[in-house]
Amino acid sequence: MTASANVTPLLADRPVANMRPSAAIELHNVTKIYETASREQVHALSNINLDVGAGEFVSVLGASGCGKTTLLRIIGGLEGGYAGKLTLHGRGGDNSRRNVGIVFQDANLLPWRTILQNVLLPTQVLRLDKRASIARAHELIELVGLKGFENKYPFELSGGMRQRVSIARALVHDPSVLLMDEPFGALDALTREVMNSEVLKIWDTTKKTVFMITHSISEAVFMSDRVVVMSPRPGRVIAEIPIALSRPRNIDMLSEERFGGYTRELRRLLDVSALQAVNAKNSS
Amino acid sequence: MTIDATSATKIVAARKRERLRWAAISGSDYFISLAGFILLVGIWEASVRLFAIPDYILPAPSAIASSLYTGFVSGIFIYNFGVTAFETLIGFLLAAVVGIATGALVAQFSLVERIVYPWLVALQTLPKVAIAPLIIIWAGYGIGSKIFIVALVAIFPVLVNTIMGLKSCDQGKLDLMQSLGAGRWETFCTVRLPNALPFIFAGLNVAIVLAILGAIVGEFVGSKAGLGNLILEANFQFDVARIFAVLVILAVFGLVLSQIMRVLQNIFLFWNKALS
């Protein structure tokens, strides 16, 4: 939070959306060091302190290699061996898989399963009640706009539709936290825009806490309550920008003056961090 | 939403058109193949008669057909085919089951891999049929030794492909299972094994051809019955027409087996065919 002190006046004089309810994700001094094959130590993450409130939509922006995916993997229980503390809803992060749903960049559907069977996968692994799960899967398939496709196979769907299935799958066990790792990175620009609005609608309906990684500045501003900017080597948080655009968001807001202000500010922060990374590389 | 739906139906429709087009092409292909076959047999028959080639060098197709007929009527072909088919199928099934199971153990447990892998590498380049005489000495002239030889010859492609398929699972799907807290066995059954099926089937397709080869070679080395035994016998009697007749049976047998494999593959891998 100290880093957000150096935001420009344009953003600082707004009422900061700091009235978050209890934190859904709490990261306290999380540090992750990799050791490469040549015994070299790489600081993937350095002293990350970050809270995400329940029901909040937070995006992370940063150059590749800034550790944002590592951060998401730690929260999702896919990466161990880190220092510091992770809490999900006040509980230790390691045995709370039921509470997290992950949307990956690739839909990662199982091609030999129908759409319905794919959506049901988490409930099967988590041994949830079958009948209730099927009912919920049908609801979610409808929510992501794929009603009628339940018995189709992934190869019969387009890329955007597959990603919708993976969103339904991430929500089927009713987790309170939704983690998304560049969920629209593999989609074309048009589909991507449609999906942004769709996900916001789903978020609005389900009231999940969303933690999303993206490379797109405008996507981050358009969707989020707060944008976290990370910088590489070592991966750390350099700024947190609350986005005070009203909800629900719509496409017209993209041309608003304030929207432009946010994107300019974020671009500046990213450029600075990229420059620092280049300088650090040259000096070493 | 609408963009997605229409583009998907378009994709499906395009695939359907493609399939129909292929069906049409292969239909005319069948006709051309059949015409070519009839032409070849006709030329063969005519040349044998025209140049009066003796039967013990190259029998005419008509002589082969009559040898086939008498062989079947006397029951000698049916019995010996039964023996060879039994050896081939049981040996193949043994190779499939043991190959897939061992491949799974190697891919899942690094300890097993470290024990088995050096043997695998060493034995892979060895021509397995060279061991056939040894196996006849150990296991005798009966059906058992042939089944063993068949399994030995057929197991390698199954084993190697199973290991390759199980190891080639893409990390995203494994991450998904891990994020849900799935255990090793559950991940294996739900993701790794189905994902490896295209590889395993490729191995089985090679293995089925090798299985017939193994059975015939085994019978050559030492046997009391079977189509390989029949070929040797006919060879000693210079009954070349009968040799050709047995070859015809073997060719049809191989064709039928590979067609069965194809049908099984289409059933189990429908999702993979559509993907590529």
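Two strands count as paired if DSSP finds at least two bridges between them. Keep that in mind as we tour this structure, which is a predicted model.

In chain A, strand β1 (residues 23-35) and strand β2 (residues 41-53) pair over nine bridges, in the antiparallel sense. One place to look is A:E35, whose bridge partner in β2(A) is A:Q41. With five residues between them, β1(A) and β2(A) form a hairpin, and A:R39 in its turn has a positive phi of about 60 degrees.

**A sheet of six strands**

Chain A also holds an open sheet of six strands, in the order β6-β7-β8-β3-β9-β10, with mixed pairing. Its edge strands are β6 (100-103) and β10 (236-242), each of which pairs on one side only. Ignoring direction, neighbouring strands in this sheet are turned by 20 degrees against each other on average.

Now let us follow strand β9 (residues 226-231) of chain A. With strand β3 (residues 57-62) of chain A, β9(A) runs parallel, joined by five bridges. With β10(A), in contrast, β9(A) runs antiparallel, joined by six bridges. β9(A) and β10(A) form a hairpin with four residues between them, where A:R233 in the turn has a positive phi of about 50 degrees.

| Hairpin | Residues between the strands | Turn residue with positive phi | Phi |
|---|---|---|---|
| β1(A) and β2(A) | five residues | A:R39 | about 60 degrees |
| β9(A) and β10(A) | four residues | A:R233 | about 50 degrees |

**Inside strand β9(A)**

In a regular strand, side chains alternate between the two faces of the sheet. You can see this in β9(A): A:R226, A:V228 and A:M230 point one way, while A:V227, A:V229 and A:S231 point the other way, and all are buried. Because six of the six residues of β9(A) are buried, this strand is largely enclosed by the rest of the structure.

Which residues stand opposite those of β9(A)? A:S59 stands opposite A:V227, and A:V58 stands opposite A:R226. A:V227 also has a bridge partner in β10(A), namely A:I241. Leaving out residues up to four places away in sequence, A:V227 touches A:S59, A:L61, A:A220, A:V221, A:I241, A:I243 and A:L266.

**Two helices in chain B**

Finally, look at helix α3 (residues 76-108) and helix α9 (residues 227-236) of chain B, whose axes come within 7 Å and cross at roughly 130 degrees. The two helices are therefore oblique to each other. At their contact, B:N80, B:F81 and B:T84 of α3(B) meet B:L227, B:G228, B:N229 and B:L230 of α9(B). Sorted by type, the residues of this contact are three nonpolar, four polar and no charged.

How values were computed
Residues numbered from 1 in each chain as written. Chains lettered and ligands numbered in written order. Predicted model: local features only at pLDDT ≥ 70, side-chain atom pairs only at ≥ 80, totals over all residues. Axes fitted to C-alpha atoms, helices over the stretch in contact; angles between N-to-C directions. Parallel < 35°, antiparallel > 145°, perpendicular 65-115°, else oblique. Contact = placed C-beta atoms within 7 Å. Nonpolar A, V, L, I, M, F, W, Y, C, P; charged D, E, K, R; others polar. Buried ≥ 20, exposed ≤ 12 C-beta atoms within 10 Å, placed from the backbone.
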